Amino acid sequence: MIEIALALIQGVLAAGVRAGTPILYAMLGEIVSERAGVVNLGTDGAMLMGACFGFITMAHTQDPFLSLLAAALAGAGISLIHAFMVVTLRANQIASGLALTFLSLGITSFIGRPYVKRAIDGIAQWSVPVLSKIPFLGPILFRHDILVYGAYLCALLIWFFLFYTRGGLVLRAVGENSSVAFAMGIRVRRVQYLAVAFGGICAGLAGAYLSLAYTRTWVEGMTNGRGIIAVALVIFSAWHPFWGAIGAILFGTTFAFQLQLQARGMTLSPYFLDMLPYLFTLFALLMGAKMRRHEMPEGIKKVFEEVG
Amino acid sequence: MKNWSLAVTARMILAGAVLGALLPAIPCRADAQVKENFKVGFIYVGPKDDFGYNYEHDQGRIYLEKNLAGIEVITAENIPETAEVERVMEQMIQKGAKLIFATSYGYLDSAINVGRRHPDIVLVHAGGFKFSPNVGTYWRYIYNPMYLSGLAAGKVTKTNILGFVAAHPIPQTLQNINALTYGARSVNPKVTMRVIYTGEWCNPAKAAEAANTLAELGADVLSQHQDCPRPVVETAAKRGIYTVGYHSGDLQRFNEKGWITGADWKWGTLYVQITKDVMEGHKEKWVNRHDRGGLETGQIDIAPFGSAAPKETQTAVLKKKKEIIDGKYVVFQGPMQDNKGVVRIKEGEKPSFEFIETMNWYTEGVVGDVPK
Amino acid sequence: MAGAAFFLLGLFLLFFGHNPLRAFMEILQGSLGSSYGRSEVLVRAIPLMLCAAATAIPARVGLLNVGGEGQLHFGALAATWGALTFSALPGHLLIPLLVVLGILGGALAGLVPALLRTGFGANETITTLLLNYVITLIVEYMVRGPWKDPTAFNWPYTPEFTGAARLSFYGTTRVHAGLWFALIGLLLFYFVLERTRIGYEIRVMRDNPEAARRAGIPIVRYILLTMCVGGAFAGLAGMAEVSAIQGRLRPGISAGFGYTGFLVSWLALHHPAGIVLMALLFGVISVGGDMIQISLNLPYATVNILMALIFFIVLGSGFLRKPSLESL
């Protein structure tokens, strides 16, 4: 009995790490963007752009590095439109982000159409030599595609950047109080553009993971709302990469949970259990909104809470 | 501000209405050419490049265009199974289509409705259970090649665990699962089958995750009933395990090393037959009835064998295939029990149309219950 | 402005080797060039108008409701329950019941994110988006489980509604009474907004939040009210779709009406009259979009690009920017 339970937990956690990776990438980008004061609901769109263009590049070149680059650039490119709308034109951030997602959906459906049938090699899996043999934890953390490791590495790097470098300090200053930052001589607009572009790069990579490593296919609309989930979980994460990683893994486990149960012969309605990831995200959002409000960068407080 | 938006939109709609009313008057060069051609419409629920269900119908369409003269085909893909498809059918009829292939299950009611409004048009529907004076259904029992694939899979598997990534617990899926399992167990009684339902016809991330889950549980042969089967095949390739294809033998290229065989549609000849008959005024062969058939029609088949299927297995499978075609063996003939021990077909009984089309149980060897 | 969007789309199409003029002509011809097409534009416009109102009403107090999709489905769920449970009732009793259920269902679906907003401070854009997924999954579950048609061989839909539960069509078209729901609803919206005290207070909330606070305008109450009423409109759209068009509940009753309605509302600047016109315009684009797929082999997604471009251009042109000192 204990063995079965342990095996289930192990399976679920490993799947959680795997499934949470695209969310984590997107979250990290969004954390940076929001820390600079820009909310980007177009993250989902940027993920689609990354998935699509990454796949197209892979189909033509079979070169993983180029494909990831293409994905990152595509995500950044589309996010720059958002940056322009929001930073320069001062348009409504939420509306612009949503418009971006619609636009990306349309563009990628159109451009990606001839590529639905293409085959690609995909990105390799790599088990970390010694660490993957650790009992129980090994397979959970260390037997994945290299992009998975990349995500957690990114989380570390971004944590370091945000809290231990001058650049991170500048970024956070812009997000907390842009007028003061401006008065101090910081080029607020440039910082925000860069932050949004970085968010786009991360979202692009998230999408690339989906199409190049996880499924190795391209189908229109394949992100299924993961971008929105990422933005919601950013609130839960208190804009901190560590909690971001936890949130991503938790999300991944809710996603994989019902599949794991089914495979072991426990039959529950798949549709019911499919709600779990979204309900989890809602719950996390509520917890985050209530408990983390004091951590919210001032600059985005009004984006989320403006009424009237 | 508000007035601007109103004014512009009002002007645009006016312009559009005027143009729209005038347009039919403008003679279109293209129309003149194709007035003699017999127009046929195809409607797909998903993309035609998915290497799955829609892909194979489209391959049938390509075959039709190549092998029958005097026709012109119009297609529409990604049409959801809602009342939207009625509009697409009407638009095709407006463009002159006289025969429409409604290839997805959920199109049935719309086909019948549209058929009622246009009694001179013929609509044929894939897999439905209702017909009307100008609507007929067609289907081939693809669980037969799945059974044959099971024979091969049972021989090839080393862990004796098979995995199936299904979408919804509908009879066609259960037929496939049961046929595959039964076939495998008939050559290897130790085989068990595990099933995961993704709840969607095409959600690549979920399908891939399901495939991963099954593989982690020890399944070394994966099969599926998804509209887009690629993610499952790709995952099998990634993990170095075997694949039994479904919908299309063209999936082989996504897992060359692990490809055993699979079930393949070959709609082409059927589509040529139907179109020809309707063109020549013999539509009664295809409307107001259900057209069914198995391996003997040649419109379903096992996919080409891959490197994973050893020579003796291939011969055994081909032998059994001949038996089925000759009528000496029927898949789902008695005796058969479900996985709870209830007898579903008695010794000597042959399955009826009803029995097959309402299947809602698992055969022995499948782990779990059919979700409600 | 919309012209610029068309122009951009034209460039986009040209880049990929398609003839944009033919595409536009096909869109117009497919939608307005025949009486069937014109009636279908109306059929399309009905749910768009209702879902646009679902966005417009909360937008009037600054809330961004993207949950039209979910609220529509919840209204459809409620109406379906009514149609299946009370199938013995005659039409003149059953239809009004279904209308009420649709309204209540949608209102409930709008209330939840509103409560989450007032209680937890959770941003309604995100919660409504998430709830969209949850509610459509509830529909999937119900049509495959408890409400499944026993004669449908395990395929996912409810039994067909009785004739009494169906909103009838006008003539040979598929235009149905939902049209009146939409038009009357929008008229009421206009009336309340412009001619009543509630509308006045709502407008003050938008234009001058400080003054509103000082004047004691009950902001929380209006958040809840507008989300409920908005949701109710979308729920009505759901009821109309299952009662008139579909005749049963199944997955996929909505072709993204919630999201398109959101766009329609923004482009109409959340004004009821604009909503009617924009919904018609989008109806033309949608119906025409099917046509270009058939004739020109362009993917339907092409019209998504058009719609999104229009949205971007309107957004960027500043008509929707709020001038304020704090927004930096």
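# A guided tour of chains A, B and C

The centres of domain 1 and domain 2 of chain B, taken over C-alpha atoms, are 28 Å apart; the domain bounds come from an automatic or database domain assignment. The model is predicted, with local features requiring pLDDT of at least 70 and side-chain atom pairs counted only at pLDDT 80 or more, while totals for chains, interfaces and linings use all residues. Residues are numbered from 1 along each chain as its sequence is written, and chains are lettered from A and ligands numbered from 1 in the order in which they are written.

**Stop 1: the two domains of chain B**

Select residues 35-140 and 268-296 of chain B for domain 1, then 143-264 and 300-367 for domain 2. Where the two meet, 14 residues of domain 1 of chain B are in contact with 19 residues of domain 2 of chain B; contact requires C-beta atoms, placed from the backbone, to lie within 7 Å. On the domain 1 side, the touching residues comprise five nonpolar, five polar and four charged residues. In this classification, Ala, Val, Leu, Ile, Met, Phe, Trp, Tyr, Cys and Pro are nonpolar, Asp, Glu, Lys and Arg are charged, and the others, Gly among them, are polar.

**Stop 2: helix α10 of chain B**

Next, select residues 268-279 of chain B, which form helix α10. Helices (H or I, at least four residues) and strands (E, at least two) are DSSP runs numbered from the N terminus. The twelve residues of α10(B) reach 16 Å from first C-alpha to last, close to the 16 Å expected at 1.5 Å a residue, where the expected span is 1.5 Å times one less than the number of residues.

Which residues of α10(B) are buried? They are Gly268(B), Leu270(B), Tyr271(B), Ile274(B), Thr275(B) and Val278(B). A residue is buried if 20 or more other C-beta atoms lie within 10 Å of its own, exposed if 12 or fewer, and partly exposed in between, with C-beta atoms placed from the backbone. Show β1 (38-43), α3 (53-67), β2 (71-76), β3 (97-102), β4 (122-126) and β5 (135-138) of chain B to see what the buried residues of α10(B) pack against. After α10(B) comes Gly281(B), with a positive phi near 90°.

**Stop 3: where chain A meets chain C**

Display chains A and C together: the contact takes 46 residues from chain A and 47 residues from chain C. On the chain A side, α4 (93-112), α8 (178-183), α10 (226-236), α12 (270-291) and α13 (298-305) each supply at least two residues. By class, that side holds 27 nonpolar, ten polar and nine charged residues.

**Stop 4**

Select Met27(A) in helix α1 (residues 2-35) of chain A. Met27(A) counts as buried because 36 other C-beta atoms lie within 10 Å. Beyond its neighbours within four places in sequence, Met27(A) is in contact with Ala230(A), Leu233(A), Val234(A), Ser237(A), Gly244(A) and Ala248(A). Of these, Ala248(A) is 221 residues from Met27(A) along the chain, with 8.2 Å between their C-alpha atoms.

Move to Arg216(A), in the loop between α9 and α10 of chain A. Although not a glycine, Arg216(A) has a positive phi of about 55°. Why is Arg216(A) counted as buried? Arg216(A) has 25 other C-beta atoms within 10 Å.

**Stop 5: the largest nonpolar core**

How many residues does the largest nonpolar core have? The core has 350 residues, and those with the most contacts inside it are Met49(C), Leu50(C) and Phe311(C). Such a core is a set of buried Ala, Val, Leu, Ile, Met, Phe, Trp, Tyr and Cys residues joined through C-beta atoms within 7 Å. Helix α9 (residues 188-214) of chain A gives the most to this core, with 18 residues. Domain 1 and domain 2 of chain B each provide at least three residues.

Centre on Met49(C): apart from neighbours within four places in sequence, Met49(C) is in contact with Ala182(C), Leu186(C), Ile275(C), Val276(C) and Ala279(C).

**Stop 6: two loops of chain C**

Select Arg250(C) in the loop between α10 (219-246) and α11 (257-267) of chain C. Arg250(C) is buried, with 25 C-beta neighbours inside 10 Å. Not counting residues up to four places away in sequence, Arg250(C) touches Val143(C), Pro156(C) and Tyr157(C). Arg144(C) is 106 residues from Arg250(C) in sequence and 8.9 Å away, C-alpha to C-alpha.

Finish at Leu269(C), in the loop between α11 and α12 (272-296) of chain C. Leu269(C) is not a glycine, yet has a positive phi of about 55°. Leu269(C) counts as buried, with 21 C-beta neighbours inside 10 Å.
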